[in-house]
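Trainee: I have a new model open and would like to go through it with you. Could we start with the overall picture and then turn to the rings?
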Amino acid sequence: YLPLARPISRQTFVLGKYFGIVAVIALFLGLMALVLSIAIGIGADKGLLGFDAQLGQGLILLFLKYTTITSLLLFLSVVLSRSLAVVFSLFVYMFGHVNDFLDRLITTGGFSERVFDAMLQLLSIVLPKFSVLDPPGGMVYAASYSLQSMAILAAYSVAFAALYLTLAVWFFAPREL
């Protein structure tokens, strides 16, 4: 909270924290892409850099997933205590990856509880499905998303990030330090 002793707005503080973390994520994903491209290039005799479209698409999807998770974690850290934020972030991360499985379980008749179904529907609206931002399952077999699908996934990620950042700024603004 040391930067808040200076005359900056709470919104600037929250957004600065978010974009600083996003810059670190981008840096590490860039380093990971470079090392992976060199390893693929050496192993597949594609020259020094073995970068291809599927690898780029997978890295973009990882970046979108990590930026969405970052905005959610920032929101949770503003609203909850540190220990509760960690617990809820683990829950949200796991829920985001098993959401499709729970949907299939409900539709195939594994659960007949209407309350559980309604709760899952509500959580699906408020929490992102991180499994959507995974690279395609057939990526090993050179499967990839179309440009339109990538744009939709980017809009999905940006919408959730904007929602969580807006909520974080809104909850952080009246807080006494």
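Mentor: What follows is a talk through the fold, the aromatic pairs and the nonpolar core of this predicted model.

Trainee: Ok, what does the secondary structure come to?

Mentor: The protein has five helices and zero strands, and from the N terminus on its elements run α-α-α-α-α.

Trainee: And what share of the residues is buried?

Mentor: Of the 177 residues in the protein, 32% are buried, while the accessible surface comes to about 11000 Å², with 72% of that belonging to carbon and sulfur atoms.

Trainee: How many of the contacts join residues at least 24 apart?

Mentor: If you take the contacts between residues at least 6 apart in sequence, 73% of them join residues at least 24 apart.

Trainee: Now the rings. How many aromatic pairs are there?

Mentor: A search of the whole structure gives nine aromatic pairs. One of them is formed by Tyr18 and Phe19, whose ring centres are 5.2 Å apart and whose planes stand at 70 degrees, so this pair is edge-to-face.

Trainee: Why does that angle make it edge-to-face?

Mentor: Because planes over 60 degrees apart count as edge-to-face, and the planes of Tyr18 and Phe19 are at 70 degrees.

Trainee: Is Tyr18 buried or exposed, and what about Phe19?

Mentor: Tyr18 is buried, with a relative accessible area of 6%, whereas Phe19 is exposed, with a relative accessible area of 53%.

Trainee: Which rings are stacked, then?

Mentor: Phe75 and Tyr164 form a stacked pair, with 6.2 Å from centre to centre and 20 degrees between the planes. This pair links distant parts of the chain, as Phe75 belongs to helix α2 (residues 53-79) and Tyr164 to helix α5 (residues 147-172), 89 residues apart. Both Phe75 and Tyr164 are buried, and they belong to one aromatic cluster that also includes Tyr156, Phe160, Trp170 and Phe171.

Trainee: How does α2 look?

Mentor: α2 has 27 residues and reaches 39 Å between its first and last C-alpha, close to the expected 39 Å. It is mostly covered, with 19 of the 27 residues buried.

Trainee: Which residues touch the most other members of the largest nonpolar core?

Mentor: That core has 24 residues, and Val14, Tyr18, Leu72 and Tyr164 touch the most other members. Helices α1 (10-44), α2, α3 (82-107) and α5 each supply at least two residues of the core, and the largest share, seven residues, comes from α5.

Trainee: What does Leu72 touch?

Mentor: Leaving aside residues up to four places away in sequence, Leu72 touches Val92, Phe130 and Tyr164.

Trainee: Last one: where is Met94, and is it buried or exposed?

Mentor: Met94 is found in helix α3 and is exposed, with a relative accessible area of 53%. The C-alpha atoms of Met94 and Phe130 are separated by 8.7 Å, although these residues are 36 residues apart along the chain.

Methods
Residues numbered from 1 in each chain as written. Predicted model: local features only at pLDDT ≥ 70, side-chain atom pairs only at ≥ 80, totals over all residues. Heavy atoms only, no water. Phe/Tyr/Trp six-rings, centres within 6.5 Å; stacked < 30°, edge-to-face > 60°. Buried < 20%, exposed > 50% of the residue type's maximum accessible area, 1.4 Å probe, protein only. Helix = DSSP H or I, 4+ residues; strand = E, 2+ residues; numbered from the N terminus. Contact = heavy atoms within 4.5 Å. Areas by Shrake-Rupley, 256 points an atom, 1.4 Å probe, with all protein chains shown as cover. Core = buried A, V, L, I, M, F, W, Y, C linked by side-chain atoms within 4.5 Å. Expected span 1.5 Å × (residues − 1).
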